[in-house]
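Please load the model in the viewer and keep the selection panel at hand.

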Amino acid sequence: LMTSCVIATLVASTLRRDSIYTRALVERGVDLLAEKDPNVLRALRVADLVDRAAERVPADASFQDVLDLMVRSPHSEFFVVDASGALRGAISVAHLRRLLFEEEALRHVVVAADLLEADRPTVRESDDLDAALQLMSSAGVAELAVVAEDDPTRLIGALHERDVLEAYHRAMLERDLAGGLSSRVGLADRGGAMELGGGFVLAE
């Protein structure tokens, strides 16, 4: 009888890798036994973190208008758009600060279009956060323009480095919690009783 039980268990585990405990979680979309990419950001998309209130600046805005925006805006990047609303580039707060010493000379001769960086990288909503973070690092910026999938000049919003890092820490915490639950499920499968907290016990 014992031999039959062992054989039956081996066959069942081969045909179905989840136990009676993990099966309920799988049915709810939580697979504790799934292979995980060590880089959690690759599983997250820009669409989850888009700030729809990106700071737009008309290409013909005066230098003074841009400076005034820098003072009152929480953003670190200002995205320059032309009369049709098409994205032309970005102006960084860091760049503006370097120009403050020349404010008087530039006040009446420079407009936003003269200050922009046209080669600034952009991301789409379908891009993963790992790729987006690498673009931020290579460009040396903390904010990127998010553009439409079918039109790189149509500004959708902005992606902030702080939001990406927060999403990373949150995903790692969730993974750690899931890993702890997985080990408890494994022990329960072997006949143990595990304390889950909150008065709940996982037992065979």
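Which residues are exposed on the other side of helix 3? In this predicted model, they are V71 and R72.

Next, select the buried residues of helix 3, namely F63, V66, L67, L69 and M70. They lie on the same side of helix 3 because they cover an arc of only 160° around the axis. Displaying their surroundings brings up the packing partners of these buried residues: strand 1 (56-58), strand 2, strand 3 (87-92), helix 4, helix 5 (103-106) and helix 6.

Now extend the selection to the largest nonpolar core, which has 19 residues. Those with the most contacts inside this core are F63, V66, F78, I91 and L96. Two or more residues come from each of helix 3 (63-72), strand 2 (77-81), helix 4 (93-99) and helix 6 (112-115); helix 3 gives the most, with five. Centre the view on I91: beyond its neighbours within four places in sequence, its contacts include V66, F78, L96 and L115.

Another core, of 16 residues, lies apart from this one, and V123, M136, L144 and L159 are among its members.

Finally, select the open sheet of three strands, ordered 4-5-6 with mixed pairing. Strand 4 (122-124) and strand 6 (151-160) each have a single partner strand, so one side of each has no neighbour in the sheet. From one strand to the next, the twist averages 45°. Strand 5 (residues 143-148) pairs with strand 6 in the antiparallel sense over six bridges, and V147 stands opposite L155 in strand 6.

How values were computed. Residues are numbered from 1 along each chain as its sequence is written. This is a predicted model: local features need pLDDT of at least 70, side-chain atom pairs count only at pLDDT 80 or more; totals for chains, interfaces and linings use all residues. Side-chain values use heavy atoms; hydrogens and water are left out. A nonpolar core is a set of buried Ala, Val, Leu, Ile, Met, Phe, Trp, Tyr and Cys residues joined through side-chain atoms within 4.5 Å. Buried means under 20% relative accessible area, exposed over 50%, partly exposed in between (1.4 Å probe, protein chains only). Helices (H or I, at least four residues) and strands (E, at least two) are DSSP runs, numbered from the N terminus. Contact means heavy atoms within 4.5 Å. The arc is that of the directions from the helix axis to the C-beta atoms. Two strands pair if DSSP finds at least two bridges between them. Axes are lines fitted to C-alpha atoms, for helices over the stretch in contact, and angles run from 0 to 180 degrees between N-to-C directions.
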